[in-house]
Structure formats: structure tokens, C-alpha cells
Amino acid sequence: MSALLAVLGVPLLGAAVLALVGHRPFARDVNVGFSLGTFVAASVLTAEVIAQGPQFAWGQEFYIDPLNVFLVALTAFVGLTTAIFSRPYMRVEQDHGKMTPPRLRLYHGMYQLFSFTMLVALTTNNLGILWVAMEVATLTTVLLVSVYRTAASLEAAWKYFILCGVGIAQALFGTVLLYMAAEKVLGLEGGALLWTNLDSVKTQLDPNIIALAFAFLFIGYGTKVGLVPLHNWLPDAHAEGPTPVSAVLSGLLLNVALYAVLRCKVLTDAALQSALAGQLLMGFGLLSVVVAAFFLSRQKDVKRMFAYSSIEHMGLIAFAFGLGGPIANYAGLLHMTVHSLIKSAIFFAVGHAAQKAGSQLMEDIRGLIKVSPTIAWGLMLGSLAILGMPPFGVFASEFLILTTAMRQQPWATPLLLLALGVAFASVFRRVLPMVFGETTLKPLPHAPALLPVFVHLALGLMLGIYIPPYLDAWYVQAARMLGG
Amino acid sequence: MDEHVAPLINLFAAGILMLAFAMLSQRRILTLIHLFTLQGAALVAATVIVGYVTHQSHLYVSAGLTLALKVILIPWLLHRVIDRLNVRWDVETLINIPTTMLIGIVLVVFAFNLALPIAQFSSSIARGTLGIALACVMLSFMMMITRSKAVPQVIGFLSMENGLFFAATSATYGMPMVVELGIALDVLVGMLILGVFMFQIREQFDSLDISHLEKLKED
Amino acid sequence: MSLLGLTSQLLEIMAALLLAPLLTGWVNQCRAWLQNRSAPGLLQPYRVLHKLFHKDSVVAERASPLFLGAPYIVFGCMVLACAIVPTLSTDLPLAPAADAIALVGLFALARVFISLAAMDVGTSFGTLGARREMLVGFLAEPALLMVLFSASMISKSTSLTTIVETLGHRELAIHPSLAFAGVAFTIVSLAENARIPVDNPATHLELTMIHEALILEYSGRHLALVEWAASLKLFAYSCIGLALFFPWGVAEAHAPLELLLALPVLVLKLAIGGVLLALLETVSAKMRIFRVPEFLATAFLLAVIGLLVHILLEV
Amino acid sequence: MTAISSWIHLDWMLLVVAGWLLIGIVGVIALRRFELVASVLFPAGGLLGAALFGVAASALFAGPQVAVLALGLPGLPFHLRLDSLSAFFLMVIAGAAAGVSAFATGYFRKGEGTPPGLLCLEYHVFLASMALVVLADDAYFFMVTWETMALSSFFLVIANHRIPEIRRAGYLYLLVAHIGAIGILLCFGVLQADTGDYTFANMRAQQLAPFWASTAFLLALFGFGAKAGVVPLHVWLPEAHPAAPSPVSALMSGVMLKTAVYGVLRVCFDLLHVQLWWWGVVMLAVGLATALFGVVFAAAQVDMKRLLAYSSIENIGLLFAGIGLAVLFSAYGMHPLAALALTAALYHVASHAFFKSLLFIGTGAVLHATGERSLGKLGGLVRTMPWVAWMTLVGVLASAGLPPLGGFVAEWLLLQSFLLTPGLPSSFLNMLIPIVAALIALVAALSGYVMVKFFGVIFLGQPREHKLLEAHDAGTAERVGMLWLVAGCVALGLLPTLFIGLIDPVTKQLVAAGLGSTVAASGWLLVPASVERASYGPVLFLLGVATSFALTYLLVRRFYHGRLRRSAPWDCGFQWQTARMQDTAEGFGQPIRQIFEPFFRMQRELPSPFDEQPRYRVSVGDHVWHRIYLPIGAAVEYASKLIGLLQRGRIGTYLLYSFVTLIAVLLVVRP
């Protein structure tokens, strides 16, 4: 109980403190301190959940079970490493004059608030609060994306706000319908919005309302996940914001949105007794993988390219959860974890590389390996990992997804083969000259913080070769919870 | 008492739908804001009546909140923005008004058709309102698509929030208090941020036309 | 390794060594008569060999040991080839060392070494000759292989001794596949032994010479060995022809008496063969070098058709 | 750990693999210290390779051994299995790797692009992953080692990454390898037959319907074909192998291509139990097309390493044809003949591994000494680099398939398997056999042509560049490496009965029949069926040629004399010979370009009569690249341009997309 209090309290307190003192030079370290606090609390919470199983807090308002506890731990961990990365990054940005003290204050404050909202969204049991938390997360990231005040970041923030606002409004309508269906079964004061109550009574819910509700929820949270027809805001938002924001957006916010969709899928599967939810996820997932793959080859901006790669991976994860079955769910959860680790590592490396070259265009970043081998190897290994080369974890989950898909949905595999091939060709064609070859770059004034990059890559490598038993038990429990 | 309350709620629901239609086809920005305020008022009235009928005290609180937000604060903010940015021009739309109206009608029919099977089961007294709420959401969605200026787009977004709020109150006697508060807070903060953005867009592009916001694209 | 086997093997090698220059001399004589010129003596090749062995061997400064060793290797290969092909008797201890495919490999080994030696000194004629020799080689070798295949398909074995025995004892059944193989074989042997349609043995004309260009740089004993190897090669090819298409009169393993009879029969057959070869050469004219691939391609196709005909009709 | 004495072969092999990885890590630590890396680490790698060779040879006859590593996915730890097939391939890998590692000690003297320590790591990870690929016994471990092999060889290929062509070659290589790997992954997906259990043991037990079995076979052929360089998927091979440093291209050509052959054998014979005959015909067709394509292109090359790369494509074609024949026979249940064809293919695997590695490190020594790779700038090196020249000659003779050496034995066995067929049931196949035999004979003869061109233009004749005169011969370490491989080629040539005895357990495992018993009975002679039918005695053959060589040499010395006079070359009396008067590489390949015109995509630049500096230039292109790969690239570009229209930047259109999707989903969901 107290661990959850700490997990939520620390970032909130951090947001308040940093709102006051965010513009000071030591604010960076305070930010790291608070993130460290959150991570410690999260790991304590995780230990508790492993020991005693799922637990409630504050009278069923908050509910921790294997599915969301590993996301909480992941969010806290990536939050910490991004905070560490943003220390030197922000100092360099300040030297370049792109970050003024007031903007720094806004950045640090919003950063902590953003991690608070994500943690609330993950741990809450109340679907309404989940929606509110997602809405506040959108608001904070809109401010974070527009922190540079350039025309492009303004445009990106505006589109991000409008598109996600509309998307989340659909989700609200879906929640209302869900509440309506639940109220019929649980009665007026039955706490109809609490997921555990819904979960216990999910077979008696009215299929028609639940189908409509899932449609709205899927479109709503699907916009936040970045599935293809609804993805247009993602590349602009991830590319124009400061790199720590892109890392956190790509790494964590997409996972939280997909977590919300999964919560609803569990209810819909039981209520409809049909695989409609799975088919929707699979269809949109496959569409996202194929379309995002073809987007990749014409990119000029490195962060925009990796944003499209995030769309592709979220599509693959959605396809995995759409497949259903214990192995596919397991693979989906594993892919979620490894994707956030590796994608944030890539954004760290790309951040430093872009700072060295003074621009995010890939033509200007050449021959990194001669100027700073560590960044170069970070970027090369990261992009190889994200493209699904073993021995990294992304390959492990892709292996499971492709082999199960081969027998359950054989028609999908040629499309997947095409998409993965095109994606590999496009991304690698851009990354190779960036890392190897002649260089025009100048060294960085401040030593880049590459510890996070290589810690993430090591974890990704570990997940590819050896998955510790307790982590595996987690995934299996969570997969069973998803109707495995 | 209940039998003649349902038509009253249906009346207000029809009112909200009519206002959504009117906003869709409105050219002038000032009248657009007035229509939005009227829609807020209708929503407040509907919530009060539902609250009165179902003796749900927290509905009064949310009605008060909506009144404060959607009828007083946000229209005042919009007026301030329009005065400061001296926005006086007419609202030209991408496709002409008759076609938008036609599409609007098709959407309403679709929304009703969609909500029909659900309406029978809903226990609340106002069965038909769900279809209307859905229609209002779709219409405001249409409005956002067809408008090419920042302010009308924001108003479309807010009228969509109205539709959702109406669905929450009418279909399910209102969501739990903490959720209502959260939604209201979100809308308010959203509005603040949009206001700030409008100032920046105006300062960056010295016009609120969204066509300037088209540089981030695939060449 | 019976004593008889050993004697027949040695007899065969000695016969090959002695009869080969004689055969070349005889063919040159027939050609001269057919072109009504007065022919050089029958033993002229021996005198040439003797003269060359006596002279010093003049070698280019930049020639490598490969250049000096190649004549011996080529000569050794040709001697082994003649030892393997059953001309006098089929009881040959060396026969199991190589069957039909290995024989083709042996000729290929000799061709590769003589080409490398030609390229070693680095003159334009040497490389030209090597390129043309390899061009002729890479088309003739598979054709020869296909000819041997059709023969071994009939006799269910690729070992030359078994082929000769089976073909020799069958009653006079006419095998259509052997007819195709025969035509293909004559074309291949003309190309391999640098006879008229493909290359003129007597000329040094840059445009036409293939075999002569290879051995341009040799002199003295090396030239003697190479010339002798060339005549041995002609002898080996004609023996293969006789073994495949006219196998009668070759001694069996168990009959020592026939060994003595086999020698005159062989000489008679070779004489007739020499006349036919001379006749063929005087009738046809030298081809342009880039018509040779089509000429050899027809041989290759004929051999393959022979094989197909065998599978279709005979099995 | 169990007592060292009771370690089974598999444990020793894992020890060697661990040793390689350790050497790699030590290499990274000592990143910039050349002498440590060159004089300590690489020889240690070579010794470990030799040790592995011994262990693998002894493991051939031991029964299959299984082990499980703790790593891997939870439900699926890494399974390892050592049966005779993997032992044989391990022997080939270790044998070639030992020689190449010895050569590499001398080669990596000066640091090229990447620091030598890093090269040492990548090199030894490459070796370790190849060894593990052959030992893997479940789909996941196989895929992990398979792509680690591709990844480590990619980093080796772009060792000196400053040159754009090398980066382009590396990119193309990894792209085709990755797409091939996805193909293999899908094949394993089919093989696991939805049981979710990815171990090979489970896959063996599955009875797949013919449709699924054929899909698995075609996917495996695509996946492994992409790695082996089968014709439509070969475009990366002539780019990547020459770009890599020579010891690496030796390993890639000689050994890495064999892992693809191992993969095909493992899937076809072991996991799928060969069900349909048309698989064999497909493999035969693909193999022959690759062989003919490879050898014809090899003849037209002007870069020595590209020439060898195309010759590797040709040998892979022959291998696939041999395996195709074995599949055809075993589909009809003719196991002894399948064993003969399979023995031919496996023998060619071993001899190609040795002679191709030898040729590549030979070119490595030449490149090291002269810095030149194009044949137009070499020549006359036999005088300045005798050791390298004579050892490369052995490789050339073996590669051309000439009798006393290993190349000929494999070719002989393959042609025998055509001849000994009593007749396949379907008449159409009977027609096929002679045509296939004819093509194989043509390819073998052409490979002789290519090898004469390769050796003649590089080592013989006059040096075409002045600096070739100062070319220094190979160092001692390089000579040791080459001598090991030469010994391998000669042993494979002269002792076929010994090596066929080693191959026998493999064919018994795959097609339940072996050649071992009949061959062992006839001692020196290689007799597949009976002496009357066919026999080939390489030792007797060599003795025959050697004795006649010695006899003539002595008799001539005895009866006549041995006097030798050196003078200017005769050349029909023309004194002013220059190096340019020799045949160039283009010239030597000209007849082949003329005869096989349709194979090439030639652009000729002929000078007009009015040119001041007339220039004649012919560029030989590859139809496959222009007809298949460029259109695919253009299609992807066009598709991405179309999809790019989705993101035109107008917020109105984005909202419209979201609205239309909402309506669509609602229609789908409508009760």
C-alpha cells in the first residue's frame, strides 16, 4: 500500500518542486533524484506484487496485477534513464541557446507531471480515472513538444493536441457506453467503472453495447497508440520535441495507450464471446506494420524515421495481441518491454548525434565512428536491435510472433515478410552511412551520458538470450490474464 | 412526475442537436460563439432535470461546473482572444455549406440507426438521448474537419465535449463525481493551452489560418 | 597382377611409344600422296625426335620451373593414357587406376599444364594459344565425356576394359546411339589433335595456329617430348576410337596366344585409320576460330542425343 | 561439472567455442595492440580450430549426443545436438578455419579501417557462431546463431568502411541475409505445426500434409538459397566477398556457404523426411542454373576476388544439383543411389572448403604484397612470390577438378551417380538425367578454363606493373596456413576411401544407406559398386604419371644430355616484347563472352573513327540485377511515394482519416 503511495507521490511532489525551482542549473539533478525515487518505489511495489500477488489500494481505486506492474516498473526505469540522459543533453541545448531557464522550468515540471499521469493511468482501477490520466498525459506532452517554440514544434503540438483530443473524446464516449452496460448489471452504486468489478461480471454484459463501446475505445486509445489511419500526429510530435521527450513518448506513452486497449479487449472478448476485438487489433496492426514500413524509406529526419519505426513496432505488438493465445500474448508483452528499452536507447544516441551535427537531417550526420565510437556503436547496435537482428530481444518476440502467425494466420506472413524486409532495407540504408564512412562532425563540449544507452542495450540483449525466471513468470501470468 | 419529464429532456436533447447543426452551418465567428454558449446552457438544463428526477446530488454539482465552464468562462475567454487578435473575418469553410448540411443529415441518420438497439435496454428514463448525443459528437467532428481557421476548430472540439457530457449525464445518470471533475478539469486546461497556442500561432504566422501549419509533411 | 598381365601392360606401353611417331609419319605420307606431293620418309618423325634430343634446349630467361617441367608432365600423362586404353589386351594392371571419366580428366590435366606453360613466358603467341586451346578444350571435353557415357551406358560400366569386352563379344547388333557417338567422337578427336578443320598441325600462321602456338617457345629435348606427346595423343585417341567402335581382335585376359595376334591386327587397323584421317583432312578446309565453337557444339549435341537415343530405344 | 574424463565430444566442442569467444573478448580489451592480436590471439584461434577438427573427426562415429544450455527463452532453452551430419560439417568448418586463422596472423599485420582488436572479436564470434549453427537443435537457437553469423561477417566485410563501395556491399549483404533469415524463420514456423514446441526433435515427429511440407521446403530453399547465393538471390555474393579482408572472404566463401548447404540437408532429409520427387527436380534446376551462371560470369571477371566469388556460386550450384539428385533418388526409395549422390555432394563440400579457402588466401597474399586486386595490374608473380604461386597452383588444379586432387573425386562420384541409375520410374526424369550430366560436364570443363585464366594472368607471364617486381613472398605464418590447406586438398585427392569412410555415417543417418562398406573393401581404389563397373585409383594414377616423368627425365639425361641455354624469348623473332603484348583478363574471357552472349548485359563503348583518344570499354552487367532487383527497388520507392501522400500535413485530412476509420469500425461492429 505505501509503495503505491510512494510511486504516485514522488513524481507529483517532484512536479511541484520543479515547478518552483526548475530553471536553476541544479534542477537537472533534482529531476534525476525524483525519477530515482520513483524507480526505487516502483521496484519495491513490484517486489511486493511478486511476493503477494495482485493487490488493491485505497478501497479498490487502484489495482496492481502482473499485467500493469511490469509496465509500471518499465515506465519508472525508462523515466530514470531518460532523466539521466537529459542532464548533459539539456546543458548542450542551453549552450546552443535553444533552452532558456523559463523553458527549462516548464520542461522539468511537465516531465515529472507526465510520469505521474502515466503511473496513475497504469495503476488505476477506475476506467474514468484512466481516461482522465490519459488526457492529462496528452496535455503535458503537448507542452513538452512545443517547448522549443519554433514554427515546426508549434505545428506539431497543435496537430498533436487536436488529433489526440478528438481521439480521446471517442474513448470517453466508449467509457460512457461501458459504464452504461455495467450499470445495468452492477446497479447504480455498484462501482460500475471499476475494472475489477467489470472483470468479475464481464460475461453478463450486453454484447451490443460492449461491441459499440469497444469500437469507440479502440479508435480513441488507438489514436494514442498510433495505429495507421490514426497515426498522423505521431511522427511530427516525436520528431519536433526535445529528444528526451521523444524517447519517453515513443518508449512509454504508446505502451500505456496499448495497455488501456488491452484492458478493454479483455472485457470485450468475454462479453462478445467472439474474436472481434482480436480481429480488429490484427487488422489495424498489420496495416500499421506494412504502411509504416513503406513510410520509412523516404525519410530525411532521423527522429522522424525512428518515429515511423515506433508505429511499425506498435503495429506488430497489436498484431501479436490480436493473434491471441498464450505464446502470442507472451510475445506481445516481451516486444512491448524490449521495444521501449531499445527505442529509447536509439533516441538517446540519436539525440547526441544530432547535437554533434547541429541538425537532425541524416545527410549532415556522417561517419560517427571516427569522432565518437561510443555514440556510433550505440546507434548501430540499437538500430540493428530494433530491426529484429538476434541476439537482441526484439528478435525473440518477432520469432514467436512470426512462427505462431505462420500456422494460425498464414495469409499474414507474406505481408509481414515484405514489411520487415522493406523496413530493414530503408532504416539500415540510412543508418550505415551515419555510423561508418568519412565524417564532418565536431566533438561535443560536454561528455555524452552514454551509460543509459548501453544499459538499455544490455537489457535488450539479455532479454534476447536469457529471460530470468521471475520475469518469465510475470509474462506468463499477464498473458493468461489477457485471455491466453 | 416522471412521465412528462422525459419529453422535457428530449426537448433539450433536440435543442442541443439543433444548435450543433446551426454551428455546422454558421459563417460568422461571433454567432458561432453565441451558439456554443446556448448549447452549454441547454446541456446545463438537461443535467439539472436529470439530477432532479434521479435525486442524484452530484449531478447538480456537475451542472454547476458545466455552467461555470461552458457558459461563462470559455465564451469569455474566446471573446478575449477574438478582441486581442482582432479576428473579425468570416469563417470560410473548405466545402460549401449545403454539402456539409447534407453530410450532417446522413451522419444523424447513421447515429440514430447505430444507437437504436442500445436504446431499448437503457434503464434511464431518456432512452433516445444516446442517439442524439452520438449525432452531436459526429456533427462537431464534421465541423472540425471542414473549418480551416483555428478558432472554429477549437469550438468544434468543445462542442464535441458537450455532446459527450450530455451522453454521460443522459445515458447513465452521470459518471462518478471524481470522473466528472477530472473531465471538467481537462477541458478547462485544454482550453487554456489552446488559447496560449493561438497567441503563439498568431505571433509566429501573424494569421490564424491553419493552412500555415502544413510544413511537416512527406515530400 | 599376374605375370601375363604385367607383360601385356609393358608390351602395350612399348607398342604405343614406338607406333605413335610411325602413325604420324604414315598420316603425313598419305596426305602428301593425296595432294600429289612427294612424301617425306615413313621414319621421318623418328629422325626429327632424334635430332631434337641431341640439340641444346634454349629457354627464355624469365621462364619458371613450370615451363621446364610441363613437357615431362604432358608426356607422362599421354603415356598413362595409352597404358590405360586396352589396345592389345584387356588384362591391364594399370586399368583400374582410371576409368573413362578419369581418362577425360587426364587429357584435361595435360591440356591445363601445356596452356599454363604457354602463358608462362608471357609472349602474345603463348597466351593466344593458351586461350584458344582452353576454348577448344572446354567444348571438346564434355562431348568426349558424353561419347564415353553412351558407350558405358550400353556396357553398364565406365571401366574401359569392361567396355571393350562387352562391345567385343556382342553379336553384330547395330547400336544407333553408337552411330551418333561415332560421329561426335571423330569431330572431337579432330579438334583435340589439332587436325585440319580446327587447326593445321603443319602451319605457324598466327591467325590459325592453336597447338603450334602453345609450344612455340620450346626447343631441344623439351620440344621433342612435346611433339612425341602430341603423336602419343593422336595414337591414344585412335585407340579409343578403335576400342569403342571396332573392338574386335583385342586379346582376352586368359588367352596369351591372342596377344601375339593382336599386334598385327592393331597395326592394320591403325593404317586404315591413318588413311581415312588423311583423306578427311585433304577434303575439308580450315575453319575460322569462331566457327570452331559451333562445330564442337554440334559434336556435344550429337553425343547427348546419342545418350538420349540409348535411353529411349535400347534400355 | 562432471569429471573432465567423462566429457563427451559435445562438451569439448563447447569448450573450443567458449575459447574462441574468450579470445574475442581479450582482443577487444587489447584494442590497439597489433603484435598481441596478431602473434598470440589468432594463432590460438587456429590451434583451437585444429583441436575442434580432431574432436569432430572422432565424434563422427560416436552416437548422437544432446545437451541443453540454460540460456534462451524460458520455455525453450538452447538445445544442442551432435549427430554425424553436424560432426562432418564441424570438421569441414574447423579444418578450413584452422588454416585461415594461421594465415590471418600474418595478414592482420597493419590495422586497416577497424582496430585489429575489434577485428579479432568479430572474427572469432564469426567462427563460434558458425560452429554453433551446426550444433543447434531448436529453431530459436538456430536462428540466433544463424543471424549472429550474418551480423559478425557483416562487420568483418565493412572492416575498412571508408570506401563507399564496401559499405554498399556490406549493406546489400546484410539485407539479403536478413530477408533469407526471415524465410527460414517462417519455414520453422510451418515445421512446428502449431504445437508451439520449437525443438527439432518435435519437428521430426510431426507428420506434415504434403502442402505444408512443400511450403516448408520452398521456404527453406529460399532462405538457405539466399545465404548460399543461388542464382536469383546471389547478387550480394560477388559484392560482399571481394570487399571483405581476404581471410574473411576465404572463410565466407569456403565455409559460410556450407552452413547454408547444411541447413538445406537438415531441413530436407532430417526434419521433412523427403516426401515429394519434384523437390529434387526443383533443386536440380536451381543448382544447374546457378552453376552455369556462376562459371560463365567467373570467366568474364577482371577482379581476382570477384572471379573467385563467382566460382563459389558455381560450386554451390553443383552442390545443390548433387543434393537435388539425392532428394530425387530418396523420394523414389532408391537409397543406395541417394547415398552415392549425397556422398558426392558432401565430398564436394569438404574439397571446396579447402581449395576455395586456399585460393582466397592466395589472392590475399597477392593483395597484401602488391596492393592490387584487378587482374589488369598483376602478372609474373611466380618469380617474385614462388611459395604463394606453387601453393595456389594446387588450389587451382583442385578447383578445376583435375584428377589427382580432391575436386575431381567429387565430380567423378557425381557423374557416376548419373551413370549407375538403372532408370527412374517416370520416363520424363530418365530424359532429364543425360541432359543434367551433360551440363555438369560442361560446367566442370568451364571451371578449368576459369582457373587457367586466374592462375595464368596473375602468376605467369610478364609483370604488368613495375611495382610488382618488389612484391615480397608470404610470411611464415601465412605459409603455414596455406600448407595446411594444401595438405587438405592433396589428402582429399589421394585418399578418397578414407574420407568416404568419414562421410559414411552421415549418409547412413540421412538416407539410411552408405558407401563405406563397398569402398573400404577395395583399399586404394575408389570403387562405388564393383571394380568391373567403375573404379578410380588416385594413388596409382599419380604413381603412373610420376614414374613416367622420372623415367623420361633420367633416360634423356643418360642417352642425350641436360644442357640448357637461357636467351631472349623466341616469339617468332620479335625483340621488343612488352608486358602489354600479353593477353589481358578481358581478352582471356572474350571467347566465353562471345559464346554465352545472352547471359551477360553488356554495354560496349566503341571509339568513333574521329576520336583523338579512342577508348574501347566494355562493362559486363548482370541481368538479374537489372531485371529483378532494380525494379523491386523502384517499386518500393514508388509505393512509399504513394503512401507518403497520406501525410500531406493538412490537419483537416488527418481528422477526416480518423472520422472515416470511426465510421468504418462502427459499421463493422454494428450488432
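Good morning. Helix axes here are lines fitted to C-alpha atoms over the stretch in contact, and angles run from 0 to 180 degrees between N-to-C directions. Helices (H or I, at least four residues) and strands (E, at least two) are DSSP runs, numbered from the N terminus. This is a predicted model, in which local features need pLDDT of at least 70 and side-chain atom pairs count only at pLDDT 80 or more, while totals for chains, interfaces and linings use all residues. Residues are numbered from 1 along each chain as its sequence is written, and chains are lettered from A and ligands numbered from 1 in the order in which they are written.

I begin with chain D. The axes of helix α6 (residues 164–191) and helix α8 (residues 210–228) of chain D come within 8 Å and cross at roughly 160°. That angle makes α6(D) roughly antiparallel to α8(D), a term used for angles over 145 degrees. The crossing of the two is left-handed, meaning that the near helix is turned anticlockwise from the far one by less than a right angle. Residues making this contact include D:Gly180, D:Ile184 and D:Cys187 of α6(D), and D:Trp212, D:Leu219 and D:Phe222 of α8(D). Two residues are in contact if their C-beta atoms, placed from the backbone, lie within 7 Å. By class, the contact of α6(D) with α8(D) holds 16 nonpolar, four polar and one charged residues. Ala, Val, Leu, Ile, Met, Phe, Trp, Tyr, Cys and Pro count as nonpolar, Asp, Glu, Lys and Arg as charged, and the others, Gly among them, as polar.

Let us turn to the chains together. Which of the four pairs of chains that touch has the most contacts? The pair is chains C and D. Here 65 residues of chain D are in contact with 71 residues of chain C. On the side of chain D, the largest share, 15 residues, comes from α17(D), which covers residues 427–459. That side has 41 nonpolar, 16 polar and eight charged residues.

Strand β1 (residues 57–60) of chain C and β3(D) run parallel and are joined by four bridges; two strands pair if DSSP finds at least two bridges between them. Within this pairing, C:Ala60 has D:Ser567 as its bridge partner.

Chain C does not touch every chain. It has no contact with chain A, the closest C-alpha atoms of the two being 41 Å apart.

Next, chain B. Its helix α3 (residues 57–84) packs against its helix α6 (residues 150–172) at an angle of about 170°, with the axes 13 Å apart. This makes α3(B) roughly antiparallel to α6(B). Among the residues in the contact are B:Lys70 and B:Ile74 of α3(B), and B:Asn162 and B:Phe165 of α6(B).

Helix α7 (residues 177–205) of chain B has 29 residues and should span 42 Å at 1.5 Å a residue, which agrees with the 41 Å between its end C-alpha atoms. The expected span is 1.5 Å times one less than the number of residues. Just after α7(B), B:Asp206 takes a positive phi of about 35°.

I close with chain A. Most residues other than glycine have a negative phi, and most peptide bonds are trans. A:Arg149 has a positive phi, near 60°, and lies in the loop between α5 (127–145) and α6 (151–186) of chain A. A cis peptide bond, with omega about -5°, joins A:Pro390 and A:Pro391. A:Pro391 sits in the loop between α15 (373–386) and α16 (393–408) of chain A.

Key
Parallel < 35°, antiparallel > 145°, perpendicular 65-115°, else oblique.
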